[in-house]
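Please open the model in your viewer and keep the sequence beside it, so that each selection can be found in both places. The tour moves from one stop to the next, and at each stop you are told what to select and what is there.

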Amino acid sequence: MAIVVLWAENDHKNRAELLAQTYVAQAINISGGTAPIVIAGLDTLVFWGHGDARHFCGLDEDQFLETVSAWKKKNKNVNTVEMISCNLRHRQGTYTDSYTMKVVAKLKKKHAGIVFKALPVAVSGMGVSCENSILKWQPASQTWAYVGTPGKEDKFMWAMCRKLEEQMPPVGIHNGYVNAHNQLNNTDYLITHKFGVSAGPPPVGAPPKGTVLFENCSRNHMLSVANNSYVRTGSIGALRAALADIK
């Protein structure tokens with residue numbers, strides 16, 4: 001049994017290589033039409049790259065499935081494809097289907113025997129499916145944060161990311177996304193604050209109109225940040241374990 005980590009964008013090179021090292025595997029750049037190779041015992045393809053509702057690793061859903069087919073042709077035992085990225089499970093508020101939904105619609109015709117996995121559909125504390133998500137990565141701590149929020153706009157998602165990062169150096173003292181998230185939970189911040197938006201016209205030095213603010217609220221208020229966001233964090237070794245089957 002073996003895996004290969006496939007990447008396409010330059011800013012994913014180092015993290016893909018680190019993930020590969022964790023599993024004593026190869027990391028291979030698939031951009032530029034790089035041809036698949038034979039790898040002894042290969043049964044799992046792990047893709048890590050930028051993703052949204054239209055593209056993943058620079059590929060639309062048909063190109064992605066063609067890439068999987070090419071690797072399967074060279075390595076007959078491939079039975080699992082893992083997709084590591086943000087927004088693959090979500091419509092981003094403007095599209096009819098997520099990237100993975102479009103892939104799933106074509107699975108039975110082309111790859112019925114392969115299990116496809118990705119990060120789970122982010123669901124808020126109130127049980128609302130998110131429409132935007134992001135997978136953040138911090139090289140220094142080798143930790144990640146998967147953050148999502150409901151609604152057609154992604155401004156609350158970015159605000160949640162900012163709140164996590166404020167706990168980390170150089171602003172805060174809690175290194176890594178795991179420690180940052182634990183700090184927010186330990187202080188009950190997420191259940192005692194809600195998302196707000198600056199209405200303006202703002203006073204001198206205040207955030208511009210439309211800027212996301214965090215406002216105090218009563219504990220467990222239905223509009224609290226905890227109820228209206230999704231946050232999951234982990235180390236590089238826990239990333240693949242966070243993936244779920246795409247059905």
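Contact, as the word is used on this tour, means that heavy atoms lie within 4.5 Å. Keep in mind also that the model on your screen is predicted.

**The whole chain**

Along its principal axes the C-alpha trace spans about 60 × 40 × 30 Å. How does the radius of gyration of the chain agree with that of a compact globule? For 247 residues a compact globule would have a value near 18 Å, and the chain has 20 Å, which agrees.

Of the 247 residues, 49% count as buried. If you consider the contacts between residues at least 6 apart in sequence, 66% of them join residues at least 24 apart. Colouring by charge shows 26 positive and 19 negative side chains, and the centres of these two sets lie 4 Å apart.

**Strand E2: alanine 27**

Select alanine 27, which is found in strand E2, residues 26-29. With a relative accessibility of 26%, alanine 27 counts as partly exposed. Beyond its neighbours within four places in sequence, alanine 27 is in contact with Val5, Trp7, Ala16, Glu17 and Ala20. If you then draw a distance from the C-alpha of alanine 27 to that of proline 169, you span 29 Å in space and 142 residues in sequence.

**Strand E3: leucine 42**

Move on to leucine 42, which is found in strand E3. Is leucine 42 buried or exposed? Leucine 42 counts as buried, because its relative accessibility is 2%, and the cut-off for buried is under 20%. Leaving out residues up to four places away in sequence, leucine 42 touches Ala2, Ile3, Val4, Trp71, Asn75, Asn77 and Val78. One of these, tryptophan 71, is 29 residues away along the chain, and its C-alpha atom is separated from that of leucine 42 by 9.7 Å.

**Two residues with positive phi**

Next select cysteine 57, in the loop between strand E3 (42-48) and helix H2 (61-74). Although cysteine 57 is not a glycine, its phi is positive, at about 55°. Cysteine 57 counts as buried, with 5% relative accessibility.

Then select glutamine 142, whose place is in the loop between strand E6 (132-138) and strand E7 (143-149). Glutamine 142 is not a glycine either, and it has a positive phi of about 55°. With a relative accessible area of 33%, glutamine 142 is partly exposed.

**Aromatic rings**

Show the aromatic side chains, among which the structure holds 11 aromatic pairs. Select phenylalanine 195 and phenylalanine 214, which form a tilted pair with 5.6 Å from centre to centre and 50° between the planes. Why does this pair tie together parts that are 19 residues apart in sequence? Phenylalanine 195 lies in strand E8 (residues 193-197) and phenylalanine 214 in strand E9 (residues 212-216), so the pair ties those parts together. Phenylalanine 195 is buried at a relative accessible area of 14%, and phenylalanine 214 counts as buried at 17%.

While the rings are still shown, select Phe47, Phe56, Phe64, Tyr99 and Phe116, which ring pairs link into a cluster.

**A cis peptide bond**

Select proline 169 and proline 170, and look at the peptide bond from the one to the other, which is cis, with omega near 10°. Proline 170 lies in the loop between helix H4 (155-165) and helix H5 (177-186).

**The last stop: serine 129**

Finish at serine 129, in the loop between strand E5 (115-118) and E6. Serine 129 is partly exposed, with a relative accessible area of 43%. Which residues does serine 129 touch, not counting residues up to four places away in sequence? Serine 129 touches Val121, Ala122, Val123 and Pro150. Lastly, draw a distance between the C-alpha atoms of serine 129 and asparagine 228, which are separated by 9.9 Å although they are 99 residues apart along the chain.

How values were computed
Residues are numbered from 1 along each chain as its sequence is written. This is a predicted model: local features need pLDDT of at least 70, side-chain atom pairs count only at pLDDT 80 or more; totals for chains, interfaces and linings use all residues. Side-chain values use heavy atoms; hydrogens and water are left out. The radius of gyration is taken over C-alpha atoms; the globule rule is 2.2 Å times the number of residues to the power 0.38. Buried means under 20% relative accessible area, exposed over 50%, partly exposed in between (1.4 Å probe, protein chains only). Lys and Arg count as positive and Asp and Glu as negative; His and the chain ends are not counted. The place of a charge is taken as NZ of Lys, CZ of Arg, CG of Asp or CD of Glu. Rings of Phe, Tyr and Trp (its six-membered ring) pair if their centres lie within 6.5 Å; planes under 30 degrees apart count as stacked, over 60 as edge-to-face and the rest as tilted. Helices (H or I, at least four residues) and strands (E, at least two) are DSSP runs, numbered from the N terminus.
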